[in-house]
Amino acid sequence: MSTTPAHPASAGPTEVGPGDARYEALRRGFNQRWIATPDYVVVATGTRDVVAALDTYLAAQDRTGSPPRRITVRSGGHCYEDFACGADVDVIIDVSAMDGVYYDPEMEAYCVEAGATNWHTVTQLYRRYGLALPSGSCYSVGAGGHISGGGYGLLSRLHGLTVDHLYAVEVVTVRDVTHAEVTVARKDSPEPALRDLWWAHTGGGGGNFGVVTRYWFRDLPEPPAQVLLRSVAWEWDLFEEYPDLFASLVRRYGEFFTYEHTGEGPDFLREFDYRDMFTLLALTNHTAGKVGLTVQLDGTRADSLERLKLFLDWIAPESDYPQHPLDVALGENPPLDTLYIPTRLPWLTATQNLNDSGKSRCGKYKSAYHTAGFTDHQLEVIYRHLTDEGYDNEQALLQVDSYGGRVNDVDPAATAVAQRSSVLKLQYQSYWTWGEDANHDGVYDYQDAQADPAIAGPHLAWIRDFYHDMYEDTGGVPAVPDPAKPEPHFNTDGCYINYPDADLSDPALNPPGIGQPWYTLYYKDNYPRLQRAKAHWDPRNVFRHQQSVRLP
């Protein structure tokens, strides 16, 4: 198959090794906890470079069994764990230079190369074609991992997940275990194995089946010409004086999206359609001073301002909750005090305003899907951990994103993303810098963390305790309900593979027989089909990490 090239033919892959000035930057990703020591990093500018890099790597390995040191791939470098930049990495393939976004007439689809960032994809699709992917708001995340894990963003309640529009994927595979080959798998491929490979990239996650080089999409939506935005904040002083107000805010926020899904709740939820509304509630550590909420709606609708007011009045009436500008950075989100007054902006401009990646620092993350709002126990746990006097970190938070809408219209087996009943998506976050010159060389850098692992200790302990207490009724994890068992009703539905959490596969933190295995939390009933794809396309387990799909 020939396709429209985005770049001139490559002269061959570039290898960057120790001693090259670029090596320090290219051997790490965004999370400064994870810094690899590969023999070299391959900078690929096209699919041929990826094939050559894999062939070189395979030629140096024993032809039986899995290679002892891994080959990994990085597009944007935002993997939360050490999947791409671990201590056991031999070679990293960096595809960030493969960033074409264009219409492919032969495929009758829009192509996004694996190295294209969210922002590059947004600008190219919209400026050239007036279309958008319903993908993430963090501008520097690369398409390679973001899409393969499912992908979602501010347009997803209106237009579904990123992978709900995926038509085809190009993957460099090593099915015969000795050399690399280019494979194009489509949604309508006649061969079942190819359909499995396409399906595996609709939420199976990166680093499992091969190196993704290109994606193709059909039926992409047109975003609203304009959106209505508002960001508000409430001061922690209020909530520390009146804890019941905090509990009521978080409860009402969860109930709103639960009622939207069930058809219950206030009358205005049946009078108005809210699928175009996306919200981010940042429940911060009390030392941040403020709790923040950002809301985006379709600004072309005449009723958007009224709907915004009804929503805010219902979850936090201003008579009880004095509003303030959101003038502090919360996690990966920048200050948005200019949006305190409801603001109408072109969609592209608004997307640029909301884009951010945060600072270069260390981080730990956990996730959960919720099929309903919060229990009284969970509300108590959230407040207790966010006000813990023993842990003062203004960049620790629980972010609660609205979910549901169009996402929940898709059958759980249609893509590898099985969570199609959730109304909230939670991300637990803690950020820190090294904070001490542990190796006494006069500077702060990753070597301080190596000299003193206790630097990360308080942050890891806080987020782990928070998470365990939140879900202690279901084994310390946001369990997936089993309809075949007479268990109590769960309000959780597992975890998001694009927010990977290695703790889920640590038996000391998620004991077998108490919680649920990591693959159930990520994939539910879809895991066996992912294993079938793995067995066919990567029988040697070349592509692997702590939570990669296991061979059956």
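Select Cys138 to begin. Its sulfur lies 13 Å from the closest cysteine sulfur, in Cys79, too far for a bond. A disulfide here is a pair of cysteine sulfur atoms within 2.5 Å. Cys138 has 12% relative accessibility, so it counts as buried. Buried means under 20% relative accessible area, exposed over 50%, and partly exposed in between, with a 1.4 Å probe and protein chains only.

A word on the model. It is predicted: local features need pLDDT of at least 70, side-chain atom pairs count only at pLDDT 80 or more, and totals for chains, interfaces and linings use all residues. Residues are numbered from 1 along each chain as its sequence is written, and side-chain values use heavy atoms, with hydrogens and water left out.

Now search the whole structure for disulfides: there are 0. Go to Cys85, which is in no disulfide; its nearest cysteine sulfur, that of Cys79, is 8.1 Å away. Cys85 is buried too, at 6% relative accessibility.

Zoom out to the protein chain. Of its 552 residues, 60% count as buried.

Switch to contacts, meaning heavy atoms within 4.5 Å. Take those between residues at least 6 apart in sequence: 72% join residues at least 24 apart.

Last, select the charges. Lys and Arg count as positive, Asp and Glu as negative; His and the chain ends are not counted. Each charge is placed at NZ of Lys, CZ of Arg, CG of Asp or CD of Glu. The 45 positive and 75 negative charges have mean positions 6 Å apart.
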